[in-house]
Every structure is written in C-alpha cells, then in structure tokens.
Amino acid sequence: MVTIPYPNVLLDALEIGVMIIDENFEVRYWNQWLEINTSHLASEMIGKNLHDFYPQIDYKVLARKIRTTLRLESPTFYDASVQNRFIEIPRTKITTSLLMNMQLQVTISPYIVEDGLVMVSIYDISDLHELKLTLQSQMKKISELNSELHRDKMIIDANLLIVKMDEECKIIEATAAFLDFFGYQPESVIGNYLPRIFGEVSVDFDTIQICDAIARHQKSSGEVKAILASGEEVWFDTVVTPLNDDESDTVSYTVIFHDISDKKRIELLSITDPLTKLFNRHKFNEVFENMVLRRHWDEHRTFGLIIADVDHFKRVNDTFGHQSGDRVLIEVAHIFSQTIRTGDILARWGGEEFVCLLPDVDREKALYVAEKLRLAVEQLHFPDVGTITSSFGVTIFASGDTQESMMHRADLSLYKAKENGRNRVEYL
Amino acid sequence: MQQNGFTDDHLDMLRELMNIAMGNATASIADLLEAFGKMHIPQILISDMEGLASYIQQTISIDQRNYVTKQLFGGMFSGEFLFVISEESALHLGHHLYDVDNPSDGDILDAVIELTNILSATMISRLTEELNTKVQFFVPSTELINGNALISQEDIMNYHRIIIISTQMEFEHQNINGHIFILTKDGMIESLKALIDRKLEELYA
C-alpha cells in the first residue's frame, strides 16, 4: 500500500469542505475550501472550539452524531433537504437568487476513533437543490395549470355540445352536454357513426357537410337545422376542426354544435310579417336589391315582379270588421304561398298589398303566374265575407332598371288593372 | 427446497445473520438514543418488483403519512436500505431525541435520518462484517409520502429479482415503531449467495 506523504495537499485540493473535530468540537483541521468559503483561516480555527465561531449549530445533536459515528465506526449524515442545519456559508451566485446560503450535505465519518476524532465533510449541493426547487416550482405551476384545465374541461363537458370523431365520422368522445341534449347514452354514441346517431333522433339533420369537411381534412363551419324526434326544430352553428398530432398528421376532428335556435327565431321575427308569416317589406327589399344588382340578367334570362292588391279590402274591413279582414289576408297569403314556385320570393308589402319576385321568367311566364294567383284568390270562400278578388300588376326586369323603376312600372300596371275593372292582370 | 438458487441452508444462514445484525442494532439504539425496543423475526423472501410493491402495501398502512428514508449501500453486497416510519411515530422520535414538545419539521427529519443511520450502519455493517466483506454507505434521503405508494407504477413494471429482508422495530415506551426493508437485486443475489456459501464453508470446515 502506498503511503500518501502529503495528505493536506490532497484535502486542500478537494472541492468540498473538510474539517476534523473531536468530541468536544475542538477543530483539529480546516481545509482550504473552508478557508475560502467561510472566510475563516485555518490558523484562526485550529485549536479553537467550533462553538466560538458557529454558536447556531445544535451541539446536542452534533454530539450525538459524533458519538454514533465513533461508536459504530460508520458515517452519519445530516438531512440534506433542510437548509442550514449545520453552518451557514453565504453563496456568491449572482444570476439566480433562490438560495442565499449554500445548501450543504454534511457527512460525519470516523477519523481516529481511539482519539475521538471525526472528519466532517461538507458538500455544496446548492445547484442540485436549486434544480429541485425550480422543478418543484414548475411542478406546482403544472399542477395549477392541470387544475385549471380540469376545471375548464368540466365546464366544457357540462355546457358545450362537442364530439370528437375519427376520419370515418365515427365518434370517439362526446361531452356530457351533447349526450344530455340529444338524450343519448354514452355507449350508444361512442364508436358509432355520426350520421347513424343523428338518424335515430333527428328526421332532418344534414350531417353531409360535417362529414364532407372531415373527408377533405378541412376546418369548416356552417348552420344546420335539426328536427328532433319530439318535433322540436333546432338550429346549430357547427364548427369542424381537425386535430393534428406532433407530426401534423390529422388524427381526429372536433365538431362543436352551438345551439343558435334562439338567434334564428329572433332573426326570423325581424324578417317576417307577423300576420301572414310571409317575408316583410324590409326582407323583400333586401332580396330585391340583391336581385337587381346581379349582373347576369339579359333579355333571355330575366326576372319578374308582381304586385297584388285585394280588391275592395276596405269594404271588407268596414263591413265585417278587422278580424275578418285579417283572416282574408292570412288566407290570401297562404294560397299565394301554395301557388308560387319554390324559389319565388313572396312578401307582404303593406296593408292588403303583396309582392312577388319571380326569378328566371319572361313576360309570358310572369303573366301566367299572376293569372294563377288571381284564379286561386277568386276560388277562395270565406263564411262571413264570401268570395273576394284581387288585381295584379306585372313587370319584367329590363336592362338599366333599378328597384325603383321596376316598382314604379309594377305599380302603374296594378293601377291599370284597377282602372280596367279589377280582378285582372295587367303588364307594363 | 430451493428458492431462486437459495437453499434452505442459505436462507437459514441469512436469517441467523440478520438476527445477529438486529440484536446489534437494538443494542446500539439503546446505547446511542436511549430507547429500548425490540425487533421482530425477519421475513426473507425472493420476489419481483410487483411482488415487492404488493408486499409493501400489505406491510405499510395506507391510511397514514409516512416518512420514507432510502439509503444505498455498495460493495460485494449492495442494495437499498429502506426505513418507513409513520408521521406520528416520527413526531414521537423527534420529541424523544430533541427533547422538545413540538419538534420542527427539520428536527423530525434529522431524527428520522439519525435513526436510519444507526439502523443501516449496525444492521448492514454487521451483516457484511459477518460475511467478511466491506460496505460503503451513501447519503440517505427522506421524504414524507401519503399512504404506502413507495414504488412508482413505472418501476413496478420493471423486472428485477429482488431479495426482501424485512422486519418491524418497536419502542413501546417512546411509542415509536417502523418498518425496515433491505433490498438487493439481480447480480447481487448471486453475490450474496457466494458470500453465504463462503461463510457456510468457514463454519463447517
């Protein structure tokens, strides 16, 4: 075995603090690391009592640890997770201020047992402890974020109608709100196809646009109407969003159903005539304006405008009362709705006047529709009022026309029909 | 009967050595901490990680918080020394060692470390001394955990062959009791078997 001639050099070269003390805490050795980090020179420490320099140490505990070390001839340790249980050594790290003093790990090892000497090794584990503190702080933040996420998820689950689907439109997850709204059990939804699910409760739910968006791997949104099995009509604003994995491959899709039935009802009220349930004048003007502004009309492809007026309506009101008058208007509106084509725009213009836009018609077709309407009204029979008639003014869009010019011509036609004896159709 | 290469002779010898080691530990604690107690007959079994987790769950109550101190030891016989003490027992221990009514968290942690030091040093040192081999102790670490989940789910899935040596320590007067587990795995099992073989040869030579 090689005898080390200069053990002091070795101990001074160590990047740990090393002191040798006896059972009465008298310092016998104080290495260079301790000199540098405690600002106490070996010359002032050796031969002195540790207590004179570090009175804050719990010497009862230290004595017990030294006794254990010597008696068992085995190292004992201070708990490394609590700061400054031994001596305080200020830390000079500038860039972080988590620890003002070094976090120490202290090991007491037997040195010369028969002389009651132990070696106290002091390791600076501040960096490690700092990492631990940072990690704990990050973990706390993560835990808080997780709690927030969980809370948000609970709110979403309870309030938002959301399903998560795969590329085949098969449902992977559904919120409790979704299940509750449609009256589903989770087992009947998860793993099932969306069109099939809606087929069971809805007689009219167009899932095609949702599944199309999924097939195209695109984000999409739109309004869809569902008529539930109970007969209730529900409108949804749906948003389909692809969810990508880390490699940007789309793996699933969320579909959010936002119930916009109330909004739709308000929207409908704002464009509907309350008595006849036809479009009101405001909505008609909006559609009329859009139609006039379209640039693709020409002499072969144009549209017509009809103004209808119930003949002698004032007399009906004056003779049979306003309730009878209202019933006449409701029935006329109903028979007009039944008679016009899908795509024609019918509205109550005001009083006993109705207007109708006829896309893609020529003069003959417009006159034909107006004549059909006239005949339909003529055939109505009211128990109190009896029969009624109506007059019609018809015109066709011509190049350079405006909304006002067309209305003016239709008005003149109607006036002509009235002048020529009523219950007739005139054209200008 | 053989248990993973351990014969009944091996197990008897290990049990005997543990009895000596535990007697040593009890005496040292009485001397150094002025606490007089007893240790139960050690259980020795060979298991895998799942078996260890299950054994710990059976041994340690789930309804309490526990200070768990883990200390590694190295050498021909190396492994992990585990000392588990309930929060209540640890408080009594802190009270006993620090002689204060309300020991601080730091006092309690240091007291637990101190008791673990004595237990590991006496038991492992004596065991390795009997087996004629050296041991190196590493710095212990203590944490306070809820219940008995001492092993993470990920670690339970690992496959290791483990020798579990466990005993219970009781100090009736101080109302302190704890569980001790000495764990060693894989290659160390062979190493321990070789050390015991050598010891048997010495005894019966």
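**Stop 1: a lysine tucked away**

Select A:Lys418 first: because its relative accessible area is 18%, A:Lys418 counts as buried. (Buried means under 20% relative accessible area, exposed over 50%, and partly exposed in between, with a 1.4 Å probe and protein chains only.) Before you go on, know that this is a predicted model, where local features need pLDDT of at least 70, side-chain atom pairs count only at pLDDT 80 or more, and totals for chains, interfaces and linings use all residues. Residues are numbered from 1 along each chain as its sequence is written, chains are lettered from A and ligands numbered from 1 in the order in which they are written, and side-chain values use heavy atoms, leaving out hydrogens and water.

A:Lys418 sits in helix α16 of chain A, residues 403-419. (Helices are DSSP runs of H or I with at least four residues, strands are runs of E with at least two, and both are numbered from the N terminus.) Which residues is A:Lys418 in contact with, leaving aside neighbours within four places in sequence? Show A:Asp309, A:Val310, A:Asp311 and A:Ser391. Contact here means heavy atoms within 4.5 Å.

**Stop 2: the cores**

Now colour the nonpolar residues. A nonpolar core is a set of buried Ala, Val, Leu, Ile, Met, Phe, Trp, Tyr and Cys residues joined through side-chain atoms within 4.5 Å. The largest one has 82 residues, and those touching the most other members are A:Leu50, A:Leu62, A:Phe86, A:Ile122, B:Leu119, B:Met123 and B:Ile182. Helix α4 of chain B (residues 105-130) gives this core its largest share, 12 residues.

Zoom in on B:Met123. Not counting residues up to four places away in sequence, B:Met123 touches, among others, B:Met18, B:Ala21, B:Phe81 and B:Ile182. Then hop to a second, separate core of 30 residues, which includes A:Leu346, A:Val361, A:Phe392 and A:Val394.

**Stop 3: rings**

Next, display the aromatic side chains: there are 18 aromatic pairs over all chains. (Rings of Phe, Tyr and Trp, the last by its six-membered ring, pair if their centres lie within 6.5 Å; planes under 30 degrees apart count as stacked, over 60 as edge-to-face and the rest as tilted.) Pick A:Phe182 and A:Tyr184, a stacked pair at 5.7 Å centre to centre with 25° between the planes. A:Phe182 is buried at 8% relative accessibility, and A:Tyr184 is buried at 8% too.

Compare A:Phe284 and A:Phe288, a tilted pair with 5.6 Å between centres and 55° between planes. They lie four residues apart, about one turn, in helix α12 of chain A (residues 281-293), and both are buried.

Which residues do ring pairs link into a cluster? Select A:Phe178, A:Phe181, A:Phe182, A:Tyr184, A:Phe236 and A:Phe257.

**Stop 4: two loops**

Go to A:Cys169, in the loop between β6 (161-165) and β7 (171-174) of chain A. Its phi is near 70°, a positive value in a residue other than glycine. Is A:Cys169 buried or exposed? With a relative accessible area of 6%, A:Cys169 is buried.

Now try A:Lys277, in the loop between α11 (261-271) and α12 of chain A. A:Lys277 is not a glycine either, yet has a positive phi of about 65°. A:Lys277 is exposed, because its relative accessible area is 62%.

**Last stop: a helix on chain A**

Finish at A:Leu135, in helix α6 (residues 126-159) of chain A. A:Leu135 is exposed, with a relative accessible area of 54%.
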